[in-house]
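Welcome! Please take a look at the structure below, and then we will walk through how its parts meet.

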Amino acid sequence: MKVEQISVFLENKPGSLEHATRVMRDASINIRTLSLAETVDFGILRLIVNDVEKANKVLKDAGFRVSKTVVVAVEVPDKPGGLHSIMEVLSKESINVEYLYAFVEKSGQNAVIIFRFDAPEKAIEVLMKNKFTVVPGAQLYEF
Amino acid sequence: MIYNEEFETLPREALRALQVKRLQQVLERVYHSVGFYKKSLDTAKIKPHEIKSIADMSKLPFITRQDLQNNYPFGLFAVPMSNIVRLHASSGTRGRSTVFGYTKRDIDTWSELMARSLAAAGLTKNDIIHNAFEYGLFTGGLGFHYGAEKIGASVIPMSGGNSKRQIMILQDFGPTAICCTPSYALHLAEEGKALGIDMKSLKLRVGIFGAEPWSKAISAEIEKTFGITALDLFGLSEVIGPGMAMECLEGRNGMHIYEDHFIVETINPQTGEVLPEGEEGELVFTTLTKEAFPLVRYRSGDVSRLIIEPCRCGRTHIKMERVLKRSDDMLIVRGINIFPSQIEAILTAIEGLEPQYQLIVDRAGALDSLELHVEVSDKIFSNSGGVKELQKIEKRILKDMKDYLGIAPNLRLVEPSTLKKTDAKIIDKRRI
Ligand SMILES: [Zn+2]
């Protein structure tokens with residue numbers, strides 16, 4: 001039920017992000033969703049792509065520092081309170097969220113929230129127990 | 001004013017004779033009390049008594065900074081610890097740092113040399129001396145302090161930093177002399193200007209500057225801004241500290257090296273061959289009177305030229321021009337000596353990090369600015385890929401740089417491609 005996310009280290013300088021997106025375009029990699037975490041001197045680009053292994057390889061070959069991280073994708077109805085219902089459960093079970101980002105499905109009905117947990121296994125167990133839809137990686141890559 | 005008339009004006013021939021006599025004593029002593037010298041003289045197949053003149057010195061092996069580091073901490077001490085009353089040390093991690101010991105007599109010698117230096121700047125017991133050299137393991141602060149007390153002046157032990165307070169004391173205590181690095185003097189002037197203070201209105205009349213390279217142009221700027229005479233002082237912590245050579249008020253051309261305590265040679269840094277006096281080369285020092293940490297033919301890495309013409313001040317000691325060049329990769333930033341190898345050692349000690357870096361030195365206003373670019377290693381990033389982990393590494397690098405080297409650079413983690421553009425580990429953009 002886990003999803004693999006690609007993280008790319010980006011220096012804060014003009015052209016850094018463009019270089020990364022160019023490498024992926026040239027390799028015909030499709031980006032499902034992404035988020036950019038920024039600090040004063042560097043950024044980390046987080047991506048869910050259609051081909052994790054290929055993205056990992058082409059970015060590394062282009063000289064980027066890349067890592068693969070396990071994240072969890074949860075589908076919720078795209079309406080007020082959707083995210084809150086998950087947070088309520090996680091909070092009750094003392095599950096720590098490191099970061100999250102979200103996107104809306106093509107149909108426009110549902111939102112998918114990508115979570116990074118300290119303990120993804122336990123989080124998945126809790127979410128499933130509480131009847132949330134955890135989206136498997138394979139399904140997400142092919143979205 | 002000449003503090004020690006007898007020794008500072010000794011006729012050259014008598015001075016040479018004194019040097020040879022003291023050199024022979026030093027050689028005998030180090031040969032029998034310091035393992036390193038016994039080994040290096042034996043390897044060179046030379047016995048102390050075979051050195052009968054200054055010219056014979058070229059037969060003696062050199063001692064380098066690397067030798068000093070290899071013998072960290074006390075391996076080169078020539079007296080037992082019970083005879084040592086003070087320890088100073090250079091910056092750097094273990095094995096990259098050097099420790100200097102002093103006996104009671106060494107401290108007296110050093111104090112006298114600093115007293116001579118302050119007197120050469122025209123200072124007496126009627127002066128108030130603002131000492132903004134760092135107190136601590138660095139030799140600057142205490143070196144000046146003891147010399148100032150020796151001439152009976154009133155010394156303000158300011159140490160470095162806290163510029164606003166420094167300026168308040170400069171205004172309220174009315175010191176007549178200031179001692180610090182030249183860049184710090186310019187920094188104080190900038191701070192003063194921002195506070196609306198005319199530095200020329202202070203009671204200062206003379207400044208003694210050192211511990212970093214500074215050009216005649218900077219000297220002129222300091223003189224103009226403060227309305228003082230800016231004099232140059234030379235010293236190496238390894239050899240004794242500040243007060244090895246001092247510019248005299250009368251000559252204003254080069255610094256007299258206290259030749260009754262040191263022998264100076266100029267060598268070709270590539271071949272090690274001794275150059276005729278007056279030619280530019282690396283300065284090599286031999287201590288003649290130091291007890292705890294004697295040095296024989298120490299390669300300073302400082303490139304300069306000796307001035308042999310007699311000086312109108314009456315001192316007979318040879319002079320050296322200001323040091324603007326190094327024969328190695330040492331960098332002086334805000335008065336602190338930094339070697340690329342020290343930075344490498346710090347980075348390598350951090351788990352997962354590789355010593356891929358670039359240090360960019362520039363001068364923003366009066367002070368040196370320092371930017372450190374460190375490559376994010378594959379190991380570190382593959383293991384985490386997180387912001388927090390990288391920030392933790394940044395904190396660690398900064399802390400170690402501060403703790404071991406005493407510098408706080410602007411740190412940037414960079415992609416490997418950024419460093420590949422040039423092989424240079426150090427980029428010095430300052431125009432000194
Ligand atoms: Zn002179």
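Let us begin with one pair: the side chains of R305(B) and E280(B) meet in a salt bridge, with 3.7 Å from N to O. A salt bridge here is a side-chain nitrogen of Lys or Arg within 4 Å of a carboxyl oxygen of Asp or Glu. This is a predicted model, in which local features need pLDDT of at least 70 and side-chain atom pairs count only at pLDDT 80 or more, while totals for chains, interfaces and linings use all residues. Residues are numbered from 1 along each chain as its sequence is written, chains are lettered from A and ligands numbered from 1 in the order in which they are written, and side-chain values use heavy atoms, leaving out hydrogens and water.

**Salt bridges within a chain**

- R305(B) sits in the loop between β12 (298–304) and β13 (306–307) of chain B, and E280(B) in the loop between β10 (262–267) and β11 (281–287), 25 residues apart. Helices (H or I, at least four residues) and strands (E, at least two) are DSSP runs, numbered from the N terminus.
- R305(B) counts as partly exposed because its relative accessibility is 31%. Buried means under 20% relative accessible area, exposed over 50% and partly exposed in between (1.4 Å probe, protein chains only).
- E280(B), R305(B), E321(B) and K325(B) are linked in a network of salt bridges.
- D127(B) and R205(B) also form a salt bridge, at 2.6 Å from N to O. D127(B) lies in the loop between α5 (104–120) and β3 (128–131) of chain B and R205(B) in the loop between α8 (182–194) and β6 (206–209), so the pair ties together parts 78 residues apart in sequence.
- Is D127(B) buried or exposed? D127(B) counts as buried, because its relative accessibility is 3%, whereas R205(B) is partly exposed at 38%.
- In chain A, K2(A) and E121(A) form a salt bridge, their closest N and O atoms being 2.7 Å apart.
- Over all chains, the count comes to 39 salt bridges.

**Where chain B meets chain A**

- Here 23 residues of chain B are in contact (heavy atoms within 4.5 Å) with 22 residues of chain A.
- The chains bury about 1800 Å² between them, of which carbon and sulfur atoms give 51%. Buried area is the accessible area (1.4 Å probe) that two parts lose on being put together, summed over both.
- In chain B, F381(B), V387(B) and E415(B) lose the most area to chain A, together 34% of what that side buries.
- Two salt bridges are counted between the chains; one of them joins R65(A) and E375(B), with the closest N and O atoms 2.7 Å apart.

**The two domains of chain A**

- The domain assignment (automatic or from a database) gives domain 1 (3–69) and domain 2 (71–141) of chain A.
- The C-alpha centres of domain 1 and domain 2 of chain A lie 23 Å apart, and their contact takes 14 residues from domain 1 and 13 residues from domain 2.
- Domain 1 and domain 2 of chain A bury about 1200 Å² between them, 57% of it on carbon and sulfur atoms. On the domain 1 side, V3(A), R32(A) and T33(A) lose the most area, together 44% of what that side buries.
- How many salt bridges are counted between domain 1 and domain 2 of chain A? The count is zero.
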